[in-house]
Amino acid sequence: MATPTPGVHIRPNGEKVFIPLENNPQLFASLVHRLGVSKKLSFHDVYSISDPDLLAFVPRPAHALIFISPGDVYHRVHGRDEAREITYDGKGDNENVVWFKQTIGNACGLIALLHAVCNGSAREFIEEGSLVDRLLKQALPLGVEERAKVLYDSKELEEAHMAFATQGDSAAPAAEDEPGLHFLAFVAGRDGHLYELEGGFNGPVDLGEMAEGEDCLSEKALQMGVGRFVEKAEGTVEMSVIALCEGE
């Protein structure tokens, strides 16, 4: 492997670890634009999943959602089995969604961003020949482990991530620190179903069928997706939702 980008940590077992991304819509947008997603798309804070007046501030359609969950809330929904066997074997043109296994430490934000832009209607905004376009074309025909290696070995992806991981409004933690947050992407699959995607799980989670014309912020999609976590939050407010939409 090439010499790591400054700030990247290599654990004793050889695992590469990034500085985690700050939960910041502007930073996320700048990163995906650098990766090669059209500037027609950006990220917008979703301040409520139940108040119609607040939801009205978010441009529609919402091509994808990124949900940031504290670990305790995440485990109430998914359990605490950290040693999940990878059961997913999708690849190529048969996939309803593109899923990446996370093998880079603290890169859950980056993986969530890739899941958001590589699936559903957002994929139409990937610019030909860009970094994410090249990575996607290289990864699509491959199985889970080989696909993860495409991301792991990409020096360009590493440099892009690190360029933004040290930005933001708060001090960047050290790469070896454990952030304790889970970044999840909610996207529409080619089969019209809503999917929850996280690189640390054992594959895509099919949440069920969306009605024709619905997007990721529709009432049903929110109930099937983010709403499950809000229900289990037990008063926890350290959660956030951002939507990938057209417009600034």
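This is a predicted model: local features need pLDDT of at least 70, side-chain atom pairs count only at pLDDT 80 or more; totals for chains, interfaces and linings use all residues.
Local features need pLDDT of at least 70 and side-chain atom pairs count only at pLDDT 80 or more, while totals for chains, interfaces and linings use all residues. Residues are numbered from 1 along each chain as its sequence is written, and side-chain values use heavy atoms, with hydrogens and water left out.

User: What is the relative accessible area of H161 in helix 7?

Analyst: Helices (H or I, at least four residues) and strands (E, at least two) are DSSP runs, numbered from the N terminus, and H161 lies in helix 7. Beyond its neighbours within four places in sequence, H161 is in contact (heavy atoms within 4.5 Å) with F18, I19, L21, L31 and L110. Buried means under 20% relative accessible area, exposed over 50% and partly exposed in between, with a 1.4 Å probe and protein chains only. H161 counts as buried because its relative accessible area is 0%.

User: Which residue in strand 7 does H193 stand opposite?

Analyst: Strand 6 (residues 193-197) has five of its five residues buried, with H193, Y195 and L197 pointing one way and L194 and E196 the other. Two strands pair if DSSP finds at least two bridges between them, and four bridges join strand 6 to strand 7 (residues 205-209), the two running antiparallel. Within strand 7, the residue opposite H193 is E209.

User: Which residue in the turn between strand 5 and strand 6 has a positive phi?

Analyst: Strand 5 (residues 181-188) runs antiparallel to strand 6 and is joined to it by four bridges, with A185 standing opposite L197. The two strands form a hairpin with four residues between them, and the turn residue with a positive phi, of about 80 degrees, is G192.

User: How many residues apart are E95 and R147?

Analyst: E95 and R147 form a salt bridge, with their closest N and O atoms 2.9 Å apart. E95 sits in the loop between helix 3 (71-78) and helix 4, whereas R147 belongs to helix 6, and the separation is 52 residues.

Note on methods. A salt bridge is a side-chain nitrogen of Lys or Arg within 4 Å of a carboxyl oxygen of Asp or Glu.
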